[in-house]
Every structure is written in C-alpha cells, then in structure tokens.
Amino acid sequence: MLGLLLSRLVRKGTLTLVHHDGKKEVFGSGEPRATIRLHDSKVGLEILLRPELVFGEAYMDGRLTADGDLYDALDILMTNMEGVKIPASLRMMRGARRVVRRFTQHNPAKRARQNVAHHYDLSGALYDLFLDSDKQYSCAYYSHTGEALEDAQTAKKRHIAAKLHLDRPGLDVLDIGSGWGGLALDLARDCGAKVLGVTLSEEQLAEAQARAAKARLTDRVKFSLTDYRALAGQFDRIVSVGMFEHVGVPYYNAFFEKTAALLKDDGTMLIHTIGRLDGAGATNPWITKYIFPGGYTPALSEMLPAIERSGLFVTDVEVLRLHYAETLKAWRARFRDRWDEAARIYDERFCRMWDFYLISSELGFRRQKLAVFQLQLAKSVEALPILRDYMVDDERSMRFAGTEHMPRAAE
C-alpha cells in the first residue's frame, strides 16, 4: 500500500524503497536519487496511516534509514507533494488539526512557560554547536548564497535596527522574546538605546544577564523572565524576533492589543516571524510533538485583522523567502560536523531528531511555501519619515560591534 502511494506521488527524482525483507521498489526517474530502507514489517503501514508524524519518528528510532543523506529523500517527497492532490486521509487529518488548533494552542502564561522550556531550556552547549557566536536563533539575512553565517546574522540585526529607526540615543526599546540577548546588547551598545529584554526561558535569561554584565551594559540593558502579558509602561520601540510563532492563534488579538498599549503614540514596532505564503493551515504534528509544542506559523491573512483591530497599522512589509533555508543549511552543516559532541550531551536518537528537524525545516522554506515576514507597525502616520529611504540610509550607517564590512544588497 505504501508502494502504491509512492508510485502515484513520485514523478520528479528517483526514490528507491527497500523493505525489511530486502524487496526493492523504484519510483520516479531522474535526479536527485535517494534510497530509503524500512527495518521492520510494521513501519510501512504506520507511515501510510500517519505519514507526517511517523516518518520522522521512524527515522529517530532507527526503524527507517536513508542511504547517504536523508536530505535527498525528503527533498524528493516534499517536492512531489507540491501541486498534487494529496490522499483524502491526509487531507482529513490536516483539516481536523485546523478545526482543533484553537484548543491545542491554548497558551496561558503557565503553559507558555512550559512550551518555551521544552525547546529553549535545552543545554546551552547544544546551541553552541551550531549557532553563530552571538547565538542568533532566527533567520539570518543573506546578501548572497554561501555568505558566512556570522556575517548574515550581523546583517539581520542591522536590518532590524534600521527598521526600528533609532534616530536618537536614549530611546526605550522593548525586546519581546530576547533569546540569549544578542540583539538587545547591540541596540544598547551601538545605537544608544535603553533596552528591556523579556524571555520565558531560564537558560536564555541567565546567559543574557551574564553577557550584559561582561559587556558592562547593565545600566542600559535589563533582562527579565516575564510574559509579555504582564508588562507595564510604554516604550518608544518594540521588537520581537522569532517569538510570534509561539503566541498561538487564539491570542493574536490579545498580543497586538497589549503591544499597542505598550507602544508610545509616536513609536515604532517590528515583528519578525516565520509565516505561510499559502494561507492559514495547521502545524505539522511531528514538529508539535517533538520540537515546538504550541507553535504555529501564521499567514499574513491571520495577522492583519488582529493588527487592524488593535489600533496599530502596517507601515512596511518585507518577505524574506530563501534566507531561512540558507540559515538552516548552515546550522545543519555545523551540527553534523559536531554530531558526536551532541550525542555526548544527549544521545544518538536526539541527534537524529535534531537532524530531521533541521532538514525538514530547510525544505519547508525551499519547497512548501514558508517564508519570513518582517512587519513594521506604528500608531501614528507621522511616526516615521515620509520616504522609505531612511531604512537604507540607517542600515548603511550602522556599525555593529565586530562588523568589518557592509553587506551587499540582499537578494
């Protein structure tokens, strides 16, 4: 039955399926070529019944392996799934997940802390293996394919700072989802801002505070273990990078109402989030179970109504298409180079889980209509210069610490 499904699906590329008894089936033709091996009699049926969950689980457990690199096999499968009518059973499962997503994404403060801890409170030594030296765990900004990850992550921070239009020192900036503190530290040191960074990760908080102390910036940068819903006061600028994916669809109105209240009348806000180019959907069940519980990547059509109802309005939208694919490619290359170290921190099953996460995420941006949205928001039509040129001018004039050269215009 699995072979019948693959025979209907695979047209581009050649996929060889080797069953547990040694039987081989070949599907499709041409490049790329990949071979998948099933190692017990039940795994094929289990994949057929719940492909989006069980395929990744089988790889984690060693019940499914790929000759060479799993990347080519997943690339063939995900490429061929685009533009074809998927089986009725899979359409029903996806439809059911959309129906219940308001319940599965119930995300009060306590659960939000638990969801964040599941991923971001993993050992800091793990993230040291594959992130850049500043530990930027979000989409970099590439000027060309193959650019060094360090340069692309510095360019991302500069690009965001330019959109915040930090036109004078001393501006109060709120960083929602501040991670390990890299962006907040740069905004304070190199743009003269006073920054409050909030996170729900105890691991990230401890490292961010230590970094601020080491940089002697504690008078200008504060980090706090605080849910955005508990914040008070007002800020000249608000920035959120890679956090909106964890808000949850039922909380979009509350998020933008709260940030609108936190933003001064002449303030500016920048949201950087993974998003869907093809409309509302549901989170992949393997990602929900193993990587980002409660997470969801929104479509613009889901974000914009909540923004409009909040009293904020959109002043600029940029869609970064392949930048995250290149980021994930760089992360995976680094992770694979240090696989043995990761296995000593956790185990081989964890490494296969992380490998599957990085592969499937990269291919999601290359093959399945994922992108990154940067939305600039304001409350006043006079909050920003009348011409968009100020973004380019600000970006060219910035020199973040450690930056040796300016990037070329991003492709």
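Cysteine 139 is buried in this structure, its relative accessible area being 0%, and the model in which this value was computed is a predicted one. Cysteine 351 likewise counts as buried, because its relative accessibility of 0% falls under the 20% limit that applies to buried residues. For cysteine 139, which is in no disulfide, the nearest cysteine sulfur belongs to cysteine 191 and is 20 Å away, whereas a disulfide would require the two sulfur atoms to be within 2.5 Å.

Turning to the strands, an open sheet is formed by seven of them, which follow the order E6-E5-E4-E7-E8-E10-E9 and show mixed pairing. The edges of this sheet are provided by strand E6, comprising residues 221-225, and by strand E9, comprising residues 313-320, each of which pairs on one side only. On average, and with direction ignored, neighbouring strands of the sheet are turned by 15 degrees against each other.

Within the sheet, strand E7 (residues 235-241) and strand E8 (residues 263-276) run parallel and are joined by six bridges. Valine 239 is found opposite leucine 270, a residue of E8.

Helix H9, which spans residues 182-191, lies across strand E4 (172-176), strand E5 (194-199), E6 and E7, and the direction in which H9 runs makes an angle of about 155 degrees with E6.

Technical notes: Residues are numbered from 1 along each chain as its sequence is written. This is a predicted model: local features need pLDDT of at least 70, side-chain atom pairs count only at pLDDT 80 or more; totals for chains, interfaces and linings use all residues. Side-chain values use heavy atoms; hydrogens and water are left out. Buried means under 20% relative accessible area, exposed over 50%, partly exposed in between (1.4 Å probe, protein chains only). Two strands pair if DSSP finds at least two bridges between them. Helices (H or I, at least four residues) and strands (E, at least two) are DSSP runs, numbered from the N terminus. Axes are lines fitted to C-alpha atoms, for helices over the stretch in contact, and angles run from 0 to 180 degrees between N-to-C directions. Contact means heavy atoms within 4.5 Å.
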